[in-house]
Amino acid sequence: MKHVTERPFANPEAAARQLVQLASGIEAVQDGRIHIEKINYPFLYTLKASGAEFGAGIRCAVEKGWLELHESGTYVRLLTSVGT
């Protein structure tokens, strides 16, 4: 019998907050751009989140105005800090 472990980033807002926290710790390159892989890799492999949680977190952060996702999907811009 397998026991299901609780997924800390199953809630899109929790995932969004974590993604913003990761993005705030990364030095932006040109025009405030943060390459998506700089937040994708630690979120998926260090924090053991899923791709679906990453996608939901990015969408939630964009909807809340915390991140701006470029139409190509290759980078984000940090718009504001979380807490509001």
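D31 is placed in the loop between α1 and β1 (33-35), where helices (H or I, at least four residues) and strands (E, at least two) are DSSP runs that are numbered from the N terminus. This is a predicted model, in which local features need pLDDT of at least 70 and side-chain atom pairs count only at pLDDT 80 or more, whereas totals for chains, interfaces and linings use all residues. Residues are numbered from 1 along each chain as its sequence is written, and side-chain values use heavy atoms, with hydrogens and water left out.

Although D31 is not a glycine, it has a positive phi of about 55°. K48, found in the loop between α2 and α3, is likewise not a glycine and has a positive phi of about 60°. As background, most residues other than glycine have a negative phi.

| Residue | Relative accessibility | Class |
|---|---|---|
| A14 | 27% | partly exposed |
| Q18 | 17% | buried |
| D31 | 52% | exposed |
| K48 | 59% | exposed |

A14 and Q18 both belong to helix α1. If residues up to four places away in sequence are not counted, A14 touches P8 and F9, while Q18 touches F9, F43 and L47; contact here means heavy atoms within 4.5 Å. The C-alpha atoms of A14 and E53 are separated by 9.5 Å, although these two residues are 39 residues apart along the chain.

The 13 residues of α1 should span 18 Å at 1.5 Å a residue, and this agrees with its end C-alpha atoms, which are 18 Å apart; the expected span is 1.5 Å times one less than the number of residues. Within α1, the buried residues are A15, A16, Q18, L19, V20, L22 and A23, and what covers them includes β1, α2, α3, β2 and β3 (75-78). In general, an α-helix has 3.6 residues a turn, so residues three or four places apart point the same way.

How do helices α1 and α2 pack against each other? Helix α1 (residues 12-24) and helix α2 (residues 36-46) pack at an angle of about 125°, with their axes 9 Å apart. This makes α1 oblique to α2, since angles under 35 degrees count as roughly parallel, over 145 as roughly antiparallel, 65 to 115 as roughly perpendicular and the rest as oblique. The axes are lines fitted to C-alpha atoms, for helices over the stretch in contact, and angles run from 0 to 180 degrees between N-to-C directions. On the α1 side the meeting residues are A15, Q18, L19, L22 and A23, and on the α2 side they are I39, P42 and F43. By class, this contact has seven nonpolar, one polar and no charged residues, with Ala, Val, Leu, Ile, Met, Phe, Trp, Tyr, Cys and Pro counted as nonpolar, Asp, Glu, Lys and Arg as charged, and the others, Gly among them, as polar.

Helix α3 (residues 51-63) has 13 residues and reaches 18 Å from its first C-alpha to its last, close to the 18 Å expected at 1.5 Å a residue. The buried residues of α3 are E53, F54, G55, A56, G57, I58, C60 and A61, and their cover includes α1, α2 and β2 (67-69).

Conventions: Buried means under 20% relative accessible area, exposed over 50%, partly exposed in between (1.4 Å probe, protein chains only).
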